[in-house]
Protein chains: 4
Amino acid sequence: MIGIGVIGYGYWGPNFVRNISELADARVVIVADLKGERLALAKRRNPVIETTRDPLDVINHPQVDAVIVATPVATHFDLALQAVRAGKHTLVEKPVCATRSQAERLIEAADSRNVTLMVDHTFLYTGAVRKVKELVGSGQIGDVYYYDAVRINLGLFQSDTNVLWDLAVHDLSIIDFVLGVQPTALSCSGVSHVPGQREDVAFLTLHFPANLIAHLHVNWLSPVKLRRTLIGGSRRMIVYDDLEPHEKVRVHDKGVIVDDQEKRYQLRLVGYRTGDVWSPQVDLSEALRTELIHFTHCIEGREQPITDGRSGLRVVRLLEAASQSLANKGIPIELGAAAV
Amino acid sequence: MIGIGVIGYGYWGPNFVRNISELADARVVIVADLKGERLALAKRRNPVIETTRDPLDVINHPQVDAVIVATPVATHFDLALQAVRAGKHTLVEKPVCATRSQAERLIEAADSRNVTLMVDHTFLYTGAVRKVKELVGSGQIGDVYYYDAVRINLGLFQSDTNVLWDLAVHDLSIIDFVLGVQPTALSCSGVSHVPGQREDVAFLTLHFPANLIAHLHVNWLSPVKLRRTLIGGSRRMIVYDDLEPHEKVRVHDKGVIVDDQEKRYQLRLVGYRTGDVWSPQVDLSEALRTELIHFTHCIEGREQPITDGRSGLRVVRLLEAASQSLANKGIPIELGAAAV
Amino acid sequence: MIGIGVIGYGYWGPNFVRNISELADARVVIVADLKGERLALAKRRNPVIETTRDPLDVINHPQVDAVIVATPVATHFDLALQAVRAGKHTLVEKPVCATRSQAERLIEAADSRNVTLMVDHTFLYTGAVRKVKELVGSGQIGDVYYYDAVRINLGLFQSDTNVLWDLAVHDLSIIDFVLGVQPTALSCSGVSHVPGQREDVAFLTLHFPANLIAHLHVNWLSPVKLRRTLIGGSRRMIVYDDLEPHEKVRVHDKGVIVDDQEKRYQLRLVGYRTGDVWSPQVDLSEALRTELIHFTHCIEGREQPITDGRSGLRVVRLLEAASQSLANKGIPIELGAAAV
Amino acid sequence: MIGIGVIGYGYWGPNFVRNISELADARVVIVADLKGERLALAKRRNPVIETTRDPLDVINHPQVDAVIVATPVATHFDLALQAVRAGKHTLVEKPVCATRSQAERLIEAADSRNVTLMVDHTFLYTGAVRKVKELVGSGQIGDVYYYDAVRINLGLFQSDTNVLWDLAVHDLSIIDFVLGVQPTALSCSGVSHVPGQREDVAFLTLHFPANLIAHLHVNWLSPVKLRRTLIGGSRRMIVYDDLEPHEKVRVHDKGVIVDDQEKRYQLRLVGYRTGDVWSPQVDLSEALRTELIHFTHCIEGREQPITDGRSGLRVVRLLEAASQSLANKGIPIELGAAAV
């Protein structure tokens, strides 16, 4: 039985606690939050959980084997570092840290203590994203031409971050997982519309080798909620719509064919081998449950998590570069080789 | 009765001919095309229409008062210039010309001959775009924050142009019409995936004064067809989806409110004055019919068309700048004051 | 070259004329309509077509080999009978006649003159319905459990018929084609809401052998347009949505499985062999064009049309029985063996 | 603080427990279920809740003021009657009882003990249904012409009931609430496709005074999940789609107009005053929470619940009549005056 302490019981923290309560081999020992009413709520839902306002009570609790950090981004580094240094396995909400160098130091600390460090890149634990990775990895869609993601909604402004760090982080982690290659350059434009607040709309373009292009549209000011990704390939194309209740992934047997006799290229808009659409069944289990099971397995088996500190670092590296482009009117930023 | 000659009977030309046949005060006199089978088809549909392979037969036909140029972009300038110089009113398919200087020369020629020069920016004659302009112009949506358009499909590659000149031209003409302001800078990224062909995917960002940002995603390699524009405003937000059969325009009463007492900004996600969605009825008449009626009215009344040569020039100016950015890895291009 | 005369140039007639003008081996000789403005419109679209107010001018025209009757239902029998008796091949808009006995007499007359009699059951010439028939006929969906069709919209009231004869006729012809079995009983409820007008909403249930049930909802007073059919089978299920632009037919690999060990029945909601959805490409050609090509082929080759007089009769037989149930508060009507 | 005991911790019971844990003035004291693993799960989620296999432990628990019966239908009457007789306020899952006479006896028992008897007609506590009732009640849609509900999905077969008692019960309760009139007759057809199981597909038609007709399609064998209701009125029409995440209720300003000069009726398909669509914001709170707050208020204030025993009885009366029609091939059943 792994004892878990949760720091932060705001929007996402209660989901951690609820899912852990369904697991057989883990339990929540203690929850920390700055607000008393949240702690009272945690207590009412499960009276045997301890509560505290001090994160150190969680980190230093003798029955706590693993700490979950579900607090604002600016606090991730300090809290996670303390947890790691206390020898606790640590799961940090996304993005793992506020800067690349913080992420590097955190990874180093976890490595030296030999504790599990994991980042909450939740979407990588959905059946849909796993199916997309399987489709791309198996070569069924051929060469990948483009990756286009739209993640927009009327969202709560966050005081300490912009829309890029809040929403694009999801797509960057999915791209890292599904494509398995690192971009060579990026450019990013964005605007803030509320005085004193950070960017609420942003467009990020990523260039990869071999003419692969990726593009993200993230937006806190959209009247409609959209979560749609298109992946164009030389053989087939994928539509991944996370808001579809069942058919989240659709594979379109469509593509461009080369007609050598005609000495020109045509789209095979109509063709007997083309045009069918296929929606493979995907596992609809709650991603957070799958993620937490993975966390406990990694702790028990000393395995490296799929979303380890390095995957968190790769994403933060891109967010930093995107922020740099954003601050300079969208100038292209060349990316060196990723160290990780 | 205005006699009309149509040059080009490929994809779009037949739509001109069909719509003119429904008008009371105009008739198609002659149609030109390079392919005999197309001319035979035109003849079978209406045996009294003359046909020819030579565009000059159209331009110089004594019963032809107005010429419609529905040919590939590269030929627009030469054909339209000859028609204008022959004293014929001229309607040119979009984009009006292949370069800014061509467009300027064509406008000059039309002005000096005092003939009507019009560009086929079809969407400006739809009830939906007119309703959007009315909503934006009346101040109902407040300050415009962003304009985001997605125009993607599995489309026929065109040998003489890229996806920007084929598809983004529509959105640039709509933006010009609806917003009524010119951008100050832009950047554009795009990629070609078919050897020997031009860009098939492109992303274009336009910066306007007062933190207004516009963004276009155009794509010939999309498995799904989308035609959706979001316009975010300080008071309300618009979703314009041209593929919706009836509710093409939806106005969402959603927005950001400033809470001075709290000294912070919040989204009014839940509020009694907010949240209703309203879809005003729009005129669903065929745009091309409305456009052709406008063309004949402008000819008869010597009025300036809504989509005159200058609106065509403004769009070509942006396409040129976008092409320049595209060719330079997406570097931002500053735009000077538009001369028109 | 088959000479065709068209009687009726109202809503549907122009579609016949337009499609015939695209065919290589047929041409429209003459069009009849009671209204002068419609004839003027026909003339403007194609000046070489003759026009008349008298249907007999069409039927007796020496260059007319085949007559298309596109008039109100009440006139179908008289006009079609005269055409058949004049030795002309005849295509009648749906429903073929206003009563079962009329249909029987019309079939008899066509048989004795050896002319082609065809009914305009247009949907049977769509790629979607043909694909559905193929799926059902091949056994891919297993035993058919139910057939549920919704065909509703805000529709024009017709003075001489009710919603059943206007809309359900389509679904009855599709059921006849796809299932290939005749119902044993039916019941129908419906209501009229406009004084002096016939039923504008109706629900029709058809009972077939082997626990197969079909149900139609037809409605002229719906705020939304729907054209959706569900076909449940023991192995798979079909959703046929005629308003989908591309994926009109979807096959769901879902069904009920019997778990003998558990001695009870369960739905296999989650299972590795189940749950995929597949949308086969369907021919998107305009149905009326396919139908007219079939008509000319049947005339030239002396073949029996897919939608011959007998298929028209089978549909009218069911409409008559449904009307009888409707007039008697929905009492079930037993259907004898169909003579055809 | 109201002490609550919950009998049945299967599909729905945990939702009651979870929602009660969020309330300030109520708490779950004890949970009963026949299966040990379910009780263990309840215990893991909240270790202070008592558990038992014997429903009488719940009913007779001294700290239990109110009992919730969330068990199969066949057991509702016995369990609820015992709870009521023990002087406990009682909330019974829908349908309230398996027969009309059981419901009458249960109401009588509750009345004589002066305890609150409530039925879990959950949908009446959704913001969407309340908005629909408000729209209909205020006369905004004019005279109601028809009510058409589709409630279909691939659903779990229930051993002790058919699809009518499982799904139509929801729509009958909504109709009772929204329209406020009782039907005069009904007819129902349905079929069972799984040997040994009850009907899995059913169609129910209800006739009301003044040409109002209602129709329900309920189905456990549908490949797609639909929850859509159309309400046609003389002035406006409503589409209520419970699966829409936000715009659950849409009001279409469409209707039929009478043109006296023309002496005939036309649909105003196109008209300047018509055609707008409006989606009023609805309260998206979880219905079960609203329902439980109402339950505690009724207990504390001795008020009659909106969904009292009599509303449960009215629904069971219709289910009984529908079953009678279903067993007799869909014969129409005349309904006498409802006693309640």
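These legends go with several close-up views of a predicted model.

**View 1. The two domains of chain A meet.**
Let us start inside a single chain. Chain A is split into domain 1, made of 2-122 + 287-305, and domain 2, made of 124-285 + 318-334. Domain 1 of chain A brings 14 residues to the contact, and domain 2 of chain A brings eleven residues. On the domain 1 side, helix H4 (73-85) and helix H8 (287-301) of chain A are the elements that give two or more residues. H8(A) has the largest share of that side, with five residues. What kinds of residue make up the side of domain 1 of chain A that touches domain 2 of chain A? They divide into five nonpolar, five polar and four charged.

**View 2. An open sheet in chain C.**
Here, follow the strands across the sheet. Six strands of chain C form an open sheet with parallel pairing, in the order E3-E2-E1-E4-E5-E6. Which strands of chain C are the edge strands? They are strand E3 (50-52) and strand E6 (117-120) of chain C, and each of them pairs on one side only. On average, and ignoring direction, neighbouring strands of this sheet are turned by 25 degrees against each other. Now look at one end of the order: strand E2 (residues 26-32) of chain C runs parallel to E3(C), and three bridges join the two. In one of these pairings, Val31(C) has Thr51(C) of E3(C) as its bridge partner.

**View 3. Two helices of chain C pack together.**
Two packed helices are described by the angle between their axes and the distance between the axes. For helix H6 (residues 127-137) and helix H7 (residues 163-179) of chain C, the angle is about 35 degrees and the axes are 9 Å apart. The crossing of H6(C) and H7(C) is right-handed. Which residues make the contact? H6(C) contributes Val129(C), Val132(C), Lys133(C) and Val136(C), while H7(C) contributes Ile174(C), Phe177(C), Val178(C) and Leu179(C). By class, this contact between H6(C) and H7(C) has seven nonpolar, no polar and one charged residues.

**View 4. Chain C meets chain D.**
Next, step out to where two chains touch. In this interface, 40 residues of chain C are in contact with 42 residues of chain D. Several strands of chain C each supply at least two residues of the side that touches chain D, among them strand E7 (144-154), strand E8 (185-191) and strand E9 (201-207). The largest share of that side, six residues, comes from E11(C). Sorted by class, the side of chain C that touches chain D has 23 nonpolar, 13 polar and four charged residues. The same surface serves both copies, as 100% of the contact residues of chain C recur in chain D.

**View 5. Chain C meets chain B.**
Now turn to another neighbour of the chain. Six residues of chain C are in contact with six residues of chain B. On the chain C side, these divide into two nonpolar, two polar and two charged. Chain C can be laid on chain B by a turn of 180 degrees and a shift of 0.0 Å along the axis, with an RMSD of 0.0 Å. That is the relation of a two-fold axis. Among the residues of chain C, Asn46(C) comes closest to the rotation axis, with its C-alpha at 2.5 Å. Why do the copies meet through the same surface? They do so because 100% of the interface residues of chain C are also interface residues in chain B.

**View 6**
In chain D, six strands form an open sheet in the order E3-E2-E1-E4-E5-E6, with parallel pairing. Strand E3 (50-52) and strand E6 (117-120) of chain D each have a single partner strand, so one side of each is left without a neighbour in the sheet. From one strand to the next, the twist averages 25 degrees. Strand E1 (residues 2-7) and strand E4 (residues 66-69) of chain D pair in the parallel sense over four bridges, and Val6(D) stands opposite Ile68(D) in E4(D). Helix H8 (residues 287-301) of chain D lies across E1, E2, E4, E5 and E6 of chain D, and runs at about 175 degrees to E6(D).

Notes:
Residues are numbered from 1 along each chain as its sequence is written. Chains are lettered from A and ligands numbered from 1 in the order in which they are written. This is a predicted model: local features need pLDDT of at least 70, side-chain atom pairs count only at pLDDT 80 or more; totals for chains, interfaces and linings use all residues. Two strands pair if DSSP finds at least two bridges between them. Axes are lines fitted to C-alpha atoms, for helices over the stretch in contact, and angles run from 0 to 180 degrees between N-to-C directions. Two residues are in contact if their C-beta atoms, placed from the backbone, lie within 7 Å. Ala, Val, Leu, Ile, Met, Phe, Trp, Tyr, Cys and Pro count as nonpolar, Asp, Glu, Lys and Arg as charged, and the others, Gly among them, as polar. Domain bounds come from an automatic or database domain assignment. Copies are superposed by least squares on the C-alpha atoms of residues with pLDDT of at least 70 in both. A crossing is left-handed if the near helix is turned anticlockwise from the far one by less than a right angle, and right-handed if clockwise.
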